[in-house]
Amino acid sequence: MIQILGQVVLKESRRWLHKPLLLTPRVDSTCGIAPASAAVNAFNEEANLPSRMNAGVPSYFTSLKPFTGLFATGVPSLMYHKLGRRPWGVRLKGLYVSRPLFERQLSQLHATGFTTPTYGPPPLLEGNPDKSIALTFDDGFANVFQHGLEPLAQHGFCAVIFLMADLIGGCNGWEMQEGEARQPLMDEIQVKEWLAAGHEIGSHTLTHPFLTRLSLKKAGEEISASKKKLEDCFGRSVRHFCYPYGDWNPAVRDLVVAAGYETACTTEFGVNTKATPPFELKRILVRYQSISFKALKERLARTRFR
Ligand SMILES: [Zn+2]
């Protein structure tokens with residue numbers, strides 16, 4: 001018996017030893033790699049919140065089942081970054097959602113009756129009787145255009161993508177300076193096709209800075225000039241804002257309000273209810289399941305006592 005158990009443990013250990021251990025960086029859920037010294041980063045606090053407030057609910061979304069209860073208590077807003085295969089050398093692997101996983105997620109949501117009404121302020125009703133959900137993409141990566149449009153259309157879902165007005169057709173320089181692999185961003189033609197497919201765009205500033213680290217004047221320019229620039233470029237009203245890195249404070253929020261936006265989304269975990277302030281919308285990060293040391297330990301423990 002002991003020998004059999006030993007073999008199982010050894011087999012499991014070998015399996016995992018041959019896989020790279022994908023440790024979850026503390027702030028990997030940001031759209032970009034936040035330096036450890038980030039003065040204000042909602043994700044640092046968010047990382048431990050779900051387990052405290054929503055027992056049994058994972059801290060990020062991979063499949064619908066564990067979120068069924070939570071999604072009935074308010075309108076969820078899923079936060080995607082990149083779609084498709086991860087290129088070699090990527091640091092934040094979890095932010096790449098493969099196309100098959102993305103298709104599976106949309107399929108589950110569709111089959112369960114979720115729909116994507118026009119993206120906007122928090123719901124007026126209690127709970128989520130209409131099974132509404134928001135699909136958001138941060139940063140405007142070209143791989144979202146490449147892998148996202150078809151599955152979204154297949155399930156009749158609409159999404160909003162948050163763009164940096166000065167980086168249309170550029171690349172993820174704010175991530176590359178932290179050592180991340182280069183990824184192209186959607187160009188003007190792709191954004192126009194995104195809009196023509198019925199999706200929406202929002203502002204993610206001009207250049208993806210930490211807004212609370214800028215002077216109010218500079219932060220205000222990032223917030224209001226990006227709105228105007230996107231509107232001039234694409235001929236659409238840009239009504240929604242997304243704080244880069246989830247970095248905001250009341251002064252930054254007030255600048256977003258003053259610039260004429262209708263909502264702003266954060267990276268705080270949770271669903272949105274009628275009590276959620278419209279400039280502090282919550283979201284749930286989507287990423288693929290990675291294995292942490294804790295999960296590995298638990299897995300081995302389960303195997304040992306099975
Ligand atoms: Zn971002």
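## Overview

Helices here are DSSP runs of H or I with at least four residues, strands are DSSP runs of E with at least two, and both are numbered from the N terminus. The model described is a predicted one. Its protein chain has eleven helices and nine strands.

The protein chain has 306 residues, and 40% of them count as buried. Among the contacts in the chain with a separation of 6 or more, 69% are between residues 24 or more positions apart.

## Helix α10 and its surroundings

Helix α10 covers residues 250-258, and its buried residues are V252, L255 and V256. Viewed down the axis of α10, these buried residues fall within an arc of 100 degrees, so they line one face of the helix. The face turned away from that buried side carries P250, A251 and A258, which are exposed.

Several elements cover the buried residues of α10, including helix α9 and the strands β7 (240-242) and β8 (263-265). Just after α10 comes G260, whose phi is positive, at about 100 degrees.

## Strands β5 and β6

Strand β5 consists of residues 159-163 and runs parallel to β6, with four bridges joining the two. Within this pair, L163 stands opposite S203 of β6.

In a regular strand, side chains alternate between the two faces of the sheet. In β6, E200 and G202 point one way, while I201 and S203 point the other way. These four residues, on both sides of β6, are all buried.

For D139, the loop is the one between β4 (134-138) and α6 (142-154). T205 is found in the loop between β6 (200-203) and α9 (216-234). Helix α9 is also among the elements that cover the buried residues of α10.

T205 counts as buried because it has 25 C-beta neighbours inside 10 Å.

How values were computed
Residues are numbered from 1 along each chain as its sequence is written. This is a predicted model: local features need pLDDT of at least 70, side-chain atom pairs count only at pLDDT 80 or more; totals for chains, interfaces and linings use all residues. A residue is buried if 20 or more other C-beta atoms lie within 10 Å of its own, exposed if 12 or fewer, and partly exposed in between; C-beta atoms are placed from the backbone. Two residues are in contact if their C-beta atoms, placed from the backbone, lie within 7 Å. Two strands pair if DSSP finds at least two bridges between them. The arc is that of the directions from the helix axis to the C-beta atoms.
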